[in-house]
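Please keep the sequence and coordinates in view while reading.

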Amino acid sequence: MTSVLAPLPVLLPLLGAAIALLASGQPRAQRVLSIAVLTTVLVVSVTLLLIADAEGATSVAVGGWPVPLGIVLVVDRLSALMLVVASTVALGVLVFAVGQGAADRQEDTPLSIFHPTFLVLVAGVSNAFLAGDLFNLYVGFEILLMASYVLLTLGGTAPRIRGGITYVIVSLTSSLLFLAAIGLVYAATGTVNMADLALRLAELPEGTQVLLQSMLLIAFGIKAAVFPLSAWLPDSYPTAPAPVTAVFAGLLTKVGVYAIIRTQTLLFPGGALDDLLMWAALATMVIGILGAVAQTDLRRLLSFTLVSHIGYMVFGIALGTTAGLAGAVFYVAHHIAIQTTLFLVAGLVERQGGTTSVDRLGGLARRSPLLAVLFFVPAMNLAGIPPLSGFIGKLGLLQAGVAEGSSLAMVLVAGGVVTSLLTLLAIARVWTRAFWRPPTQAPADDTAAAAAAAAGSGGGSTPDGEASPDGDGSRTPFQVAWRRHTRVAIAAEPDLPPAAARTRALRPLPVTMVAATAALAAVTVALTGLAGPLYGIADRAAEDLLDRTPYISTVLGPEEVP
């Protein structure tokens, strides 16, 4: 049964993307098709996880080519768990995007491009999780990266183009390093099949092994945003549309983390660079969260917390123990759901308040109590407040560090505690300022003042005739549309008191967008309720990763295992 189901998480999105592209003139058909495809992928992924957990790892030789010559897809507990979490958040983000497109009447999101590209992105992520050889892993990366280039620049605004250029340059650099490493691996061993490499790499001189390991770690470290290779992320992700930012934050960096887990445990189990990884994990946690504390924009703050919490995962990998790897696997699954949900909430905050600048937000809890709840639950989970899944994951990693007992591990434990406290501080500042502070600096106030100034002086306007408080004509199209909408709403109801008119001018939150975000928030809560079974799967996956025998024997056959 696995031989039939394993290729489907890759094939179904690719087929769906082709059909969606043919149906580019029928947005409703595209929406229905995309949601149906991702729902099917989620069902298939859950089935694969149940089979992998009950029966162990299985492999599929695509096209019937003999191993290790052909493409091999491997389904074990780790890859199946990643597929389930990835397809869950991808479905939630797609529903959010559909709701946003319907609410905006598709003015800013070209659906004929978005849906096929989004499905191609999901296919690339699935292929990376299932890849049984380094070159197919590279292909998976390139599929998702090509799709991400398009999604990142949807709308064509100047900030998105600038962020997209940075992202493209960094991604291409990483891909070139990865491809060069694959070439060196093949030259040294004559194969790129990971199960075969697990046996052949051990025969190479130690210096050659360290060189190959270092090149792969640098390539994957860039993709995973591990310090000092993470500076590109906070400048790239916040410029994209909310659904795109959410799926990027949730999935793309975790594909890099998955690749580090797979190669470190399967190909280089000796732990030659574990100390270096520990220092990288510490720097990623601390420097990332210090950057988050310094931010006043919600999206940039979340981008820095994303970088920071990658450090927890690298910490678990660097420990190289069953407990450490189990904590890392659990935390990857947890963080995918949490970070995706928070970026979707940031999109709702921008829609409700007109900005993501914390200094210009206020009173959101009064305007939209549901939005406050949707932010509070995953935010507290990200900060690691007990008994939520974030606390469980961090506790597992910290216990693994204490059990390892080295001085460096204890420094990482201290760094993890400090990072968690600073995460709570950063989140609390957003909570108190954006949700509970009186809306004295709400965008509608600025709009009304600017409109009055423009009407009185006749100056300081943009080419579209919209008021600019700086008098420099620097309004973006979104600001122009927002101010026109607000001024019309206030003028249409002159009998309302100013506060009521400003409240009425705020755009309501679309039901579909709120429902998608609430569903993912419910998933983050479910991670707490299902923490026992989920941590059990993570623990068994960690045992398989360290043993290596289940993976190698599944791909090459039991007779090939020494």
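Four helices, α6 (134-152), α7 (158-189), α9 (206-224) and α11 (242-267), each contribute at least two residues to the lining of the largest cavity. Helices here are DSSP runs of H or I with at least four residues, numbered from the N terminus. The model is predicted: local features need pLDDT of at least 70 and side-chain atom pairs count only at pLDDT 80 or more, while totals for chains, interfaces and linings use all residues. Residues are numbered from 1 along each chain as its sequence is written, and side-chain values use heavy atoms, without hydrogens and water.

A cavity is a set of points, on a 1 Å grid over the protein atoms alone, where a 1.4 Å probe fits but cannot get out; lining residues have an atom within 4 Å of a point. Points are joined across faces, edges and corners, and a volume is the space filled by probe spheres set on them. Five cavities of 30 Å³ or more are present.

The largest cavity, with a volume of about 100 Å³, has among its lining residues Phe 141, Tyr 167, Lys 223 and Trp 232. Its lining comprises nine nonpolar, two polar and one charged residue. Nonpolar means Ala, Val, Leu, Ile, Met, Phe, Trp, Tyr, Cys and Pro; charged means Asp, Glu, Lys and Arg; the others, Gly among them, are polar.

The second largest cavity has a volume of about 80 Å³. α11 gives the most to its lining, with three residues, and α23 (531-547) and α24 (549-556) each supply at least two. Asp 76, Arg 262, Asp 544 and Arg 548 are among the lining residues, which divide into five nonpolar, one polar and four charged.

Terms used
On a 1 Å grid over the protein atoms alone, a cavity is a set of points where a 1.4 Å probe fits but cannot get out, and a pocket is an open set with protein on both sides within 12 Å along at least five of seven lines; lining residues have an atom within 4 Å of a point.
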